[in-house]
Amino acid sequence: MSPSAAARPTSEARARLLGTATKIFYAEGIHSVGIDRITAEAHVTRATLYRHFAGKEDLVLAYLDQADQGIRGQVAAAVGSTASAVGQVRAVARSIVDGIRSPGFRGCAFLNAVAEYPDPAHPVHQAVLAHRQWFLDTVTELLARVGDGGAPVDAAGRHLVMLRDGAMAAGCLFDPELVSETFLHGVEGVLREISAPAPAEASAEG
């Protein structure tokens, strides 16, 4: 048997564990789900789980890492869909809206996770902060291209992230179409603000 063939069951078991954990963690929360439930639904033994993950915390971190990679890919695809700076921001916003409108949407995986891990020193909390910093840096850079190097766009970046957070929280509580429409309208407001020419300085009198 080749080494790749021998390793395949192990890889498949890990993927099954992570896929099962991802589905349950996102739908039902993290603390409410035990290892026994995950192994039972993934059809693996506890020994198999511990062969791939040091424990539940390691599995949670793998779940968040997978979510992070998925969102990075989603944003990269949106940015790559157009050469227009404004179009790139709009494409990222539409990708967020696509998630809100998707079946089974339960909000932001990272906001959900950090609510269960409030200790800033905890590795899960740190993973959430790292993801959010990446997202803030990314959208701020995109907005800077729209502003064409003019006024600082740090505040605009934070504004867009807050709009996104609100939409993700509201999207699983209220009409997702209305939430999506409101979010996109807010993004247009941010774009207008940073695209507007700076007001001319008032001339001194006297």
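This is a predicted model: local features need pLDDT of at least 70, side-chain atom pairs count only at pLDDT 80 or more; totals for chains, interfaces and linings use all residues.
User: What is the mean pLDDT of the protein?
Analyst: pLDDT is the predictor's confidence in each residue, from 0 to 100. In this protein, 88% of the residues reach 70 or more. The mean pLDDT is 90.

User: Over which residues does pLDDT stay under 50, with zero contacts beyond four places in sequence?
Analyst: Contact means heavy atoms within 4.5 Å. Residues 1-9 stay under 50 in pLDDT, but the model has one contact beyond four places in sequence for them. The stretch with pLDDT under 50 and zero such contacts is residues 201-206.

User: How many helices and strands are there in the protein?
Analyst: Helices (H or I, at least four residues) and strands (E, at least two) are DSSP runs, numbered from the N terminus. Along the sequence, the pattern reads α-α-α-α-α-α-α-α-α. The count is nine helices and zero strands.

User: What share of the 206 residues is buried?
Analyst: Buried means under 20% relative accessible area, exposed over 50%, and partly exposed in between (1.4 Å probe, protein chains only). By that rule, the buried share of the 206 residues is 40%.

User: Which share of the contacts with a separation of 6 or more joins residues 24 or more positions apart?
Analyst: Take the contacts in the protein with a separation of 6 or more. Residues 24 or more positions apart account for 66%.

User: How are α4 and α7 oriented to each other?
Analyst: Axes are lines fitted to C-alpha atoms, for helices over the stretch in contact, and angles run from 0 to 180 degrees between N-to-C directions. Angles under 35 degrees count as roughly parallel, over 145 as roughly antiparallel, 65 to 115 as roughly perpendicular and the rest as oblique. The axes of α4 (residues 56-79) and α7 cross at roughly 10° and come within 9 Å. Therefore α4 and α7 are roughly parallel.

User: How do the residues of the contact of α4 with α7 divide?
Analyst: Among the residues that meet are V60, L61 and L64 in α4 and V124, W134 and F135 in α7. Ala, Val, Leu, Ile, Met, Phe, Trp, Tyr, Cys and Pro count as nonpolar, Asp, Glu, Lys and Arg as charged, and the others, Gly among them, as polar. The contact holds 13 nonpolar, two polar and four charged residues.

User: How is α6 oriented to α7?
Analyst: The axes of α6 (residues 109-116) and α7 come within 9 Å. They cross at roughly 150°. That makes α6, relative to α7, roughly antiparallel.

User: Is the crossing of α7 and α8 left-handed or right-handed?
Analyst: Helix α7 (residues 123-147) packs on α8 (residues 154-170) at about 125°, with axes 8 Å apart. The two are therefore oblique. A crossing is left-handed if the near helix is turned anticlockwise from the far one by less than a right angle, and right-handed if clockwise. The crossing of α7 and α8 is right-handed.

User: Is H43 buried or exposed?
Analyst: H43 lies in the loop between α2 (35-42) and α3 (46-52). Its phi is near 60°, a positive value in a residue other than glycine. Most residues other than glycine have a negative phi. At 65% relative accessibility, H43 is exposed.

User: Which residues does R46 touch, not counting those up to four places away in sequence?
Analyst: R46 is in helix α3. Its relative accessible area is 40%, so R46 is partly exposed. The C-alpha atoms of R46 and I35 are separated by 7.8 Å. R46 touches I35, D36 and T39.

User: Is G55 buried or exposed?
Analyst: G55 sits in the loop between α3 and α4. From C-alpha to C-alpha, G55 and I35 are 8.6 Å apart. At 13% relative accessibility, G55 counts as buried.

Note on methods: Residues are numbered from 1 along each chain as its sequence is written. Side-chain values use heavy atoms; hydrogens and water are left out.
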